[in-house]
Amino acid sequence: MMALLATAGSATAQSLPKPAEFYFAADANTIKPVIAVRETGDAAMEKLAKIVERNPNAKAEPAQLAHLAMNAGRVDLGRQLYARALSSIDRADSIWRAVVWNYGWDLYRAGDSQGAFTQWRTLVESRSVTAAWMPPTLALALWSLDQKDEAVRWYAAAVRSEPQQWNTAAQFAQLLPEWSESERAVLAEVQAAWAANPPTWP
């Protein structure tokens, strides 16, 4: 069973399109939180739960509630709520990319690197965009999946795009303020592997 899972994970990573030369697009509609209510903590969860219960067509509310649930350690509930949110929207919806992006991060932080990679890969493949978030984020996911050569190739795309920012790990805290220290530490491992043997392009 473990061998089958490993093979499936490898195939998933290999099916990702090869990195482009440069990644400059801001893709601001993707890399943002999904916010339906402005309250925080328990007040937000209570208000969102009421909206979700009353409105089966709610879109942003189940996504925000899913994020809060997963942050609180209620991973199964979060997955169910994200599935509900995504079942209510399609790729043309203005919040679809943000929901998928946030779901990826919540899965990654719940220890599901493969699930996170799957969400982010969906965004990469959904339309022709070379967004600045893609190289470091995919490098993080691939490294966590032990797809280290592929992770380094994606990190190299970040360096090609903005060499003064990514050729060392010194600016990671400024470049990736929403990432945790442990996430930045993983990316620093990718950076070190890139520095030791920078891949050529293409």
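Mentor: Buried means under 20% relative accessible area. Keep that cut-off in mind, and remember that this model is predicted.

Trainee: Which residues of H6 are buried?

Mentor: In H6 they are Ser113, Gly115, Ala116, Phe117, Gln119, Trp120, Arg121, Thr122, Leu123 and Val124. That is 10 of the 14 residues, so H6 is largely enclosed by the rest of the structure.

Trainee: What span should H6 have at 1.5 Å a residue?

Mentor: Helix H6 covers residues 113-126 and should span 20 Å. Its end C-alpha atoms are 20 Å apart, which agrees.

Trainee: Now helix H3. How many of its residues are buried?

Mentor: The count is 9 of 12, so H3 too is largely enclosed by the rest of the structure. The buried ones are Ala60, Glu61, Pro62, Ala63, Gln64, Leu65, Ala66, Ala69 and Met70.

Trainee: Which helices do the buried residues of H3 pack against?

Mentor: They pack against helix H2 (41-54), helix H4 (75-87) and helix H5 (96-109). As for length, H3 (residues 60-71) reaches 17 Å from its first C-alpha to its last. That is close to the 16 Å expected. Just after H3, Gly73 takes a positive phi of about 90°.

Trainee: Let us turn to packing. What describes two packed helices?

Mentor: Two values do: the angle between their axes and the distance between the axes. Take H7 (residues 134-144) and H8 (residues 148-161). Their angle is about 165°, and their axes are 8 Å apart. An angle over 145 degrees counts as roughly antiparallel, so H7 is roughly antiparallel to H8. The crossing of H7 and H8 is left-handed.

Trainee: Which residues make the contact?

Mentor: From H7 come Met134, Pro135, Pro136, Leu138, Ala139, Leu142 and Trp143. From H8 come Lys148, Glu150, Ala151, Val152, Trp154, Tyr155, Ala157 and Ala158. By type, the residues of this contact divide into 13 nonpolar, no polar and 2 charged.

Trainee: Let me look at Trp154 in helix H8. Is Trp154 buried or exposed?

Mentor: Trp154 has 0% relative accessibility, so it counts as buried. Leave out residues up to four places away in sequence, and Trp154 touches Leu16, Pro17, Lys18, Pro19, Tyr23, Met134, Pro135, Leu138, Ala139 and Leu142. Met134 is 20 residues from Trp154 along the chain. The C-alpha atoms of the two are separated by 8.1 Å.

Trainee: H7 also packs with H11. At what angle do H7 and H11 pack?

Mentor: The angle is about 90°, with the axes 9 Å apart. Angles of 65 to 115 degrees count as roughly perpendicular, and H7 and H11 are therefore roughly perpendicular to each other.

Trainee: Which residues of H7 and H11 meet?

Mentor: H7 brings Pro136, Ala139, Leu140, Trp143 and Ser144. H11 brings Glu183, Val186, Leu187, Glu189, Val190 and Ala193. The residues of this contact divide into 8 nonpolar, 1 polar and 2 charged.

Trainee: Take Glu183. Is Glu183 buried or exposed?

Mentor: Glu183 is in helix H11 (residues 181-196). Its relative accessibility is 5%, so Glu183 counts as buried. Setting aside neighbours within four places in sequence, Glu183 is in contact with Trp105, Tyr108, Arg109 and Leu140.

Trainee: And what is the relative accessible area of Glu189?

Mentor: Glu189 also lies in helix H11. The value is 43%, so Glu189 is partly exposed. Lys148 is 41 residues away along the chain, and the C-alpha atoms of Glu189 and Lys148 are separated by 9.9 Å.

Trainee: Where is Asp27 found, and where is Asp146?

Mentor: Asp27 lies in the loop between helix H1 (2-14) and H2. At 8% relative accessibility, Asp27 counts as buried. Asp146 is in the loop between H7 and H8. At 56%, Asp146 counts as exposed.

Trainee: Which peptide bond is cis?

Mentor: Look at the bond from Trp201 to Pro202: it is cis, with omega near 5°. Pro202 sits in the segment after H11.

Terms used: Residues numbered from 1 in each chain as written. Predicted model: local features only at pLDDT ≥ 70, side-chain atom pairs only at ≥ 80, totals over all residues. Heavy atoms only, no water. Axes fitted to C-alpha atoms, helices over the stretch in contact; angles between N-to-C directions. Helix = DSSP H or I, 4+ residues; strand = E, 2+ residues; numbered from the N terminus. Parallel < 35°, antiparallel > 145°, perpendicular 65-115°, else oblique. Left-handed = near helix turned anticlockwise from the far one by under 90°. Contact = heavy atoms within 4.5 Å. Nonpolar A, V, L, I, M, F, W, Y, C, P; charged D, E, K, R; others polar. Expected span 1.5 Å × (residues − 1). Buried < 20%, exposed > 50% of the residue type's maximum accessible area, 1.4 Å probe, protein only.
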